[in-house]
Amino acid sequence: MHVLITGGAGFIGSNIAQFHLKQGDKVHVVDNLSTGQLKNIEEMLQTSNFIFDEADILVWDALEKAVSWADRIYHMAAVVGVFRVLHEPISVLATNIAGCERLLRAMHKSRWDTKLIMASTSEVYGNRPGNEALHEEMELHVKPGHNTRWNYSISKLADEALGLSYAHEYKMDITVIRFFNVVGPNQTGKYGMVVPRFVKQALADEPMTVFGDGSQIRAFTDVRDVVNMLNLLAENPQSSGEIINVGSTHEITIKALAEMVKDRAKSSSDITYVSYEEAYGVDFEEIYHRKPELAKVKRLTGYAVKWSLEDTIDDLIARQINRKGK
């Protein structure tokens, strides 16, 4: 099988690439390296089944050729991370929407029968009161406005609408994935991701910085489980035209997460608390509880997650120590 991954040098994209190479597939990654990193795909560059183009899909002149080659496409390219979302609002909106629309046009023109897995986000659910599990059919509460976290949500809602409209009007095989707090190898804390930031701070015995009061509740999922679910969804025709939550229901507060990382890293770090304004440099509206309803993904894949949060943290700690030892 031929697999095209936009944003394939990023966190989830690089793990998808690695998965398909292990399956014996040919993989073509395109990434402008704005948030993706060459080190995420360094070993893959040595394999004959792997192609990499450093390019921006907004202007890449080989997009139609790459699409016509592919049997499956994963659209992971986007401006991501809280820091970038807050400080680059125009780039978030323009890049995420225009990049998705250009890919869809290329597919419609040259390979409309290709399976497309399109990345969206749990951010589209907005800030909801209470602790209700978030399901795909519920109404969404997203606030427009400049320089807020919601620009990312709006861009992804536009992508969802574009993807499902192309699927309906042109009978294209498109599945939209709403990711919930994915963690694991190749994720960086540079743009605000909490788990790699905690691991790095704990191993350096530096203060572990919790933004806000640490009462925020999240459910983290290992990227290796996520990639398996994506593959099973791509193989199931019933996923076509659907929006599907992908994540875990095992909840933890950010404060407890910091304590867990500190304990498992055997760290002497202090856990400190930083206001959102100090952390992000702008006013910030936090989401205090986020947990997915996963009935749909379980029905379509039958997959049970294999990685506990403890196992993921232990693995990330070991990888970080190994990199330092080299």
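Is Phe180 buried or exposed in this structure? Phe180 is buried, with a relative accessible area of 0%; buried stands for under 20%, exposed for over 50% and partly exposed for what lies in between, using a 1.4 Å probe and protein chains only.

A word on the ground rules. This is a predicted model, in which local features need pLDDT of at least 70 and side-chain atom pairs count only at pLDDT 80 or more, while totals for chains, interfaces and linings use all residues. Residues are numbered from 1 along each chain as its sequence is written, and side-chain values use heavy atoms, with hydrogens and water left out.

**Aromatic pairs**

A search of the whole structure turns up two aromatic pairs. Rings of Phe, Tyr and Trp (its six-membered ring) pair if their centres lie within 6.5 Å; planes under 30 degrees apart are stacked, over 60 edge-to-face, and the rest tilted.

| Pair | Centre distance | Plane angle | Class |
|---|---|---|---|
| Tyr125 and Phe180 | 5.9 Å | 40° | tilted |
| Tyr166 and Tyr170 | 5.5 Å | 50° | tilted |

Tyr125 and Phe180 link distant parts of the chain, 55 residues apart. Tyr125 sits in the loop between strand 5 (115-121) and helix 5 (150-170), and Phe180 in the loop between strand 6 (174-179) and strand 7 (182-183). Helices (H or I, at least four residues) and strands (E, at least two) are DSSP runs, numbered from the N terminus. Tyr125 is also buried, at 0% relative accessibility.

Tyr166 and Tyr170 both belong to helix 5, four residues apart, about one turn of the helix. Tyr166 is buried at 12%, whereas Tyr170 is partly exposed at 33%.

**Charges over rings**

A charge sits over a ring if NZ of Lys or CZ of Arg is within 6 Å of the ring centre and within 35 degrees of the ring normal. Arg197 has its charged end over the ring of Phe211, 4.1 Å from the centre. This arginine is found in helix 6 (residues 194-203) and is buried, with a relative accessible area of 13%. For Arg224, the charged end sits over the ring of Trp307, 3.6 Å from its centre.

**A helix crossing**

Helix 1 (residues 11-22) and helix 7 (residues 223-235) have axes that come within 10 Å and cross at roughly 65°. Axes are lines fitted to C-alpha atoms, for helices over the stretch in contact, with angles from 0 to 180 degrees between N-to-C directions.
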